[in-house]
Amino acid sequence: MSADQVVTEPTRGGSIPAPGGGTPPRARRSRPLGRTLAPYLFVLPNMVVFTIFTIIPALWMFYIALFDSRDGQLFEFVGLENFAEISTDDEFLGVLAHTAIFTIGFVVLTIVFSTLFAVLLNDRFRGRTFFRAVLFLPSLLSAVVIGLLWGWMFERSNGLVNVALGNFGIGEIPWLVDENLALGVVIFVGLWMHTGFYTLIVLAGLQGIDPNVYEAAKVDGASATQRFFQITWPLLRPTTLVVLILSTIAGFQSFDFIWTLTGGGPVGATTLIVQYIYEKAFSTPIRYGLGAAGGVVLFFIVFALTMANFAYGRRKDAA
């Protein structure tokens with residue numbers, strides 16, 4: 001039978017093959033309206049709460065920063081004078097320096113220890129689940145409770161730390177009243193409180209790495225150190241970027257546990273920018289505008305650092 005005599009029979013369902021052996025395009029079905037709107041309806045409650053308690057107060061902060069209220073009641077439009085005042089305020093500049101030192105130390109140590117603990121807890125050994133739970137436990141405690149707890153631990157006379165050191169012949173150390181030690185103690189407590197949370201993030205990134213890559217490296221004779229720096233660390237770069245951004249934001253926003261631990265002392269050595277904003281806005285004399293101006297400065301600092309981290313991460317991924 002010649003090709004001209006071939007008769008194409010209808011396929012099952014009555015559709016006739018299109019020229020060239022393909023099938024005719026089916027009519028596109030329109031999605032039901034409910035299915036189209038469902039994802040947005042699920043997100044809507046969260047967005048409403050986020051808008052009411054985050055976006056609107058943030059916009060109101062920008063507005064209040066343009067006013068001054070020395071008694072907390074009568075507002076006077078002053079434009080950018082609040083920003084000019086804090087830019088020449090020695091107290092604010094000192095607070096920024098303390099915040100920068102705290103945040104840098106906190107972020108660097110968080111990345112180091114969270115990566116270290118994640119690598120250790122990623123191995124299989126007896127009690128691994130227990131140690132994971134113990135490491136994460138401080139993240140579940142109230143920051144106020146943590147500040148009170150460590151304030152008692154570092155108490156000069158009867159604190160557990162000095163009592164333990166006294167058994168080794170070491171005298172009393174003024175952890176919380178020495179300007180040179182207090183900020184280091186605050187960094188340590190912040191690290192103790194947050195490391196478990198960031199360790200879980202890094203651990204999730206580690207478990208996403210194909211084990212076959214490590215097996216191949218072992219076959220090639222790579223040592224544990226070489227496997228970490230040549231495989232683990234490069235493949236953890238996106239996860240490390242997340243930890244970097246989140247810990248930076250947490251560092252700049254630290255306030256509650258510091259307030260109950262040192263109260264910002266001694267002599268303002270542990271006063272960070274959020275406490276400065278709180279004191280200007282709610283302590284006598286009440287100056288909401290000056291506190292709001294400090295909040296605006298904090299917003300732009302965190303926003304600029306976050307964008308810089310994103311840009312750096314993208315450039316590294318593209319390289």
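**Note on a predicted helical chain: surface, salt bridges and cores**

1. The protein chain exposes about 20,300 Å², of which carbon and sulfur atoms supply 65%; accessible areas come from the Shrake-Rupley method with a 1.4 Å probe, and for residues only the protein chains shown count as cover. This is a predicted model, in which local features need pLDDT of at least 70 and side-chain atom pairs count only at pLDDT 80 or more, while totals for chains, interfaces and linings use all residues. Residues are numbered from 1 along each chain as its sequence is written, and side-chain values use heavy atoms, with hydrogens and water left out.

2. Overall make-up. The secondary structure of the protein chain comes to 13 helices and two strands; helices (H or I, at least four residues) and strands (E, at least two) are DSSP runs, numbered from the N terminus. Of the 319 residues, 34% count as buried, where buried means under 20% relative accessible area, exposed over 50%, and partly exposed in between (1.4 Å probe, protein chains only). Among contacts (heavy atoms within 4.5 Å) between residues at least 6 apart in sequence, 66% join residues at least 24 apart.

3. Annotated spans. The unreviewed UniProt entry carries the annotation "transmembrane region" for residues 37–66, 95–121, 133–153, 181–206, 235–252, 258–278 and 290–312. UniProt positions are given in the numbering used here, feature names are shortened, and annotations may be inferred rather than shown by experiment. In the model, residues 37–66 are 93% helix and 0% strand, with the end C-alpha atoms 40 Å apart. Residues 181–206 are 100% helix and 0% strand, and here the end C-alpha atoms lie 35 Å apart.

4. Salt bridges around Arg287. A salt bridge is taken as a side-chain nitrogen of Lys or Arg within 4 Å of a carboxyl oxygen of Asp or Glu, and by this rule the count comes to three. Arg287 forms one with Asp68, the closest N and O atoms being 3.4 Å apart. That pair links distant parts of the chain, 219 residues apart: Arg287 is in the loop between α12 (273–282) and α13 (288–318), and Asp68 is in strand β1 (residues 67–68). Arg287 is buried at a relative accessible area of 8%, and Asp68 is buried at 10%. Glu85 also forms a salt bridge with Arg287, with the closest N and O atoms 2.9 Å apart. Glu85 sits in helix α2 (residues 81–87), 202 residues from Arg287 in the chain. At 31% relative accessibility, Glu85 counts as partly exposed.

5. The remaining pair. Glu91 forms a salt bridge with Lys280, the closest N and O atoms being 3.4 Å apart. This pair joins helix α3 (residues 90–122), which holds Glu91, to helix α12, which holds Lys280, across 189 residues. Glu91 is partly exposed, with a relative accessible area of 38%, and Lys280 is partly exposed at 22%. Through shared partners, salt bridges join Asp68, Glu85 and Arg287 into one network.

6. Helix α10. This helix (residues 237–252) has 16 residues and reaches 23 Å from its first C-alpha to its last, close to the 22 Å expected at 1.5 Å a residue; the expected span is 1.5 Å times one less than the number of residues. Its buried residues include Thr239, Thr240, Leu241 and Phe252. Thr240 counts as buried at 16% relative accessibility, and touches Ile111 and Trp233, not counting residues up to four places away in sequence.

7. Nonpolar cores. A nonpolar core is a set of buried Ala, Val, Leu, Ile, Met, Phe, Trp, Tyr and Cys residues joined through side-chain atoms within 4.5 Å. The largest has 34 residues, and those with the most contacts inside it are Phe102, Trp150, Phe154, Val185, Val189, Phe257 and Leu261. Helices α3, α5 (143–153), α7 (179–207), α8 (211–219), α10 and α11 (256–261) each supply at least two residues of this core. The largest share, ten residues, comes from α7. Leaving aside neighbours within four places in sequence, Trp150 is in contact with Phe188, Val189, Trp192 and Leu261. A second, separate core of 17 residues includes Ile64, Ile277, Ala293 and Val302.

8. Ala292. This residue lies in helix α13 and is buried, with a relative accessible area of 8%. Ala292 and Met61 are 231 residues apart in sequence and 5.4 Å apart in space, C-alpha to C-alpha. Apart from neighbours within four places in sequence, Ala292 is in contact with Met61, Ile64 and Ala65.
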